[in-house]
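Okay, thanks for coming, everyone. Let me put the structure up and then walk you through what I found in it.

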Amino acid sequence: MGDYKILVLPGDGIGVEVTAEGVRALEKIGHMFEHNFTFTEDLVGGAAIDAYGTALKPETLEEAKNSDAVLWGAVGGPKWDDPRSPVRPEQGLLAIRAGLGLWANVRPVKVDDALTPSSTLKTETLRGVDIVVIRELTGGLYFGKPQERRTVDGKRAAVDTMYYTEDEVARVAHYGFQLARRRKKHLTHVDKANVLESSRLWREVVMEIRPEYPDVEFENVLVDAMSMHLIRRPSTFDVVITENLFGDILTDEASMLAGSLGMLPSASLGALRTDGTGLGMYEPIHGSAPDIAGKGIANPIGMLRCTAMLLRHSLGLEREAVALETAVSSAVDAGLRTADIAGQGDRALSTREMADAVLERLV
Ligand code: IPM
Ligand code: MG
């Protein structure tokens, strides 16, 4: 029995629809397992730009710091897409990741056997796929300075900076090795060390740490080759560590193994307490999907799996997390599908119907 404070930040587009289902899941779990969740909700992203002129209010960040966990929907949409605008929805996401020090983005990619037909890849390629990508989340091109427009000889130019310190690399490396140790004991480090100096630093630091984990099998893979191996031999990977932008791109690719972007959760974590839990933010890897926003047809599974990760990583409620994950799998196994994963002849459920199907199976 516990009392937990959850900050709910639905954001824009389908973020609003799926986050509502995450909250319902927590309410039901609270009821079943006798926990008391207190929810605070606020605007972020485009919705916050419209209401307050900024994508993340400083008060919202403070509220996050005073919470046990943050449930995040998605941000962005065509209304706020002007590349020259000084305020953009994505700034809110980057500001909260940086502000909470959430440097490890944990993105599990596990293929549900029942869903292999909805992937564009062959079933035999997908058998046994169970990968966790650890994406560095508060460094690299997303945060390096300078990041600006310039005028050079009267022409437009722009610069982004991929900057990393050894400590930023080392903490991701240790996290990856330790996670691999608890799983299939295999770690893949992805970089572009044949070209980038920052990648050569990553490789150097990771190789220095490697002897501390002699029981973990290890490989370095270049990011271009990794994008190929991910769809050629996905079942050979276990834990993957990589810098921010490579992780962003590779995890969208990896989501196709699971059939849909809508299936995958992520946990953004920083400093951990001694019991292994810590303040985290839970974000499905799909975006705001403006094309289907407001229609009530988005897949809530990525969000429900986020909710399970929240229970596990921030609240230490393993039994509750497993109960929710089991309910998701059993709904999928029973053939229940939203439009993004429906096969020919399947009835496509609404967001609410799919979430209900999961919650009914919670035991
Ligand atoms: C993600 C998203 C974000 C990112 C965007 C919305 C800024 O693509 O979480 O993967 O690039 O990190
Ligand atoms: Mg992304």
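So, salt bridges: a search of the whole structure turns up 20 of them, where a salt bridge is a side-chain nitrogen of Lys or Arg within 4 Å of a carboxyl oxygen of Asp or Glu. Quick word on the ground rules: this is a predicted model, so local features need pLDDT of at least 70 and side-chain atom pairs count only at pLDDT 80 or more, while totals for chains, interfaces and linings use all residues. Residues are numbered from 1 along each chain as its sequence is written, chains are lettered from A and ligands numbered from 1 in the order in which they are written, and side-chain values use heavy atoms, with hydrogens and water left out.

Take Glu62 and Lys65, whose side chains form a salt bridge at 3.5 Å, N to O. Both sit in helix 3, residues 58–65, three residues apart, about one turn of the helix. Helices (H or I, at least four residues) and strands (E, at least two) are DSSP runs, numbered from the N terminus.

Now the ligand. Which residues are around ligand 1? They are Glu90, Leu93, Arg97, Arg107, Arg135, Tyr142, Asp248 and Glu283, counting a residue if one of its heavy atoms lies within 4 Å. Tyr142 has a polar side-chain atom 2.5 Å from an oxygen atom of ligand 1. For Arg97, a polar side-chain atom is 2.8 Å from a ligand oxygen, and for Asp248 a side-chain N or O atom is 2.9 Å from one. On its own, ligand 1 has 320 Å² of accessible area, and the protein covers 77% of that; the areas come from the Shrake-Rupley method with a 1.4 Å probe.

On to the backbone. Lys145 and Pro146 are joined by a cis peptide bond, with omega about 5°, and Pro146 lies in strand 6, residues 144–152. Then there's Asp153, in the loop between strand 6 and strand 7 (155–161). Asp153 isn't a glycine, yet its phi is positive, near 50°.

That's my tour; questions welcome.

Technical notes: Polar contact = N/O pair within 3.5 Å; in protein donor to acceptor, adjacent residues only side chain to side chain.
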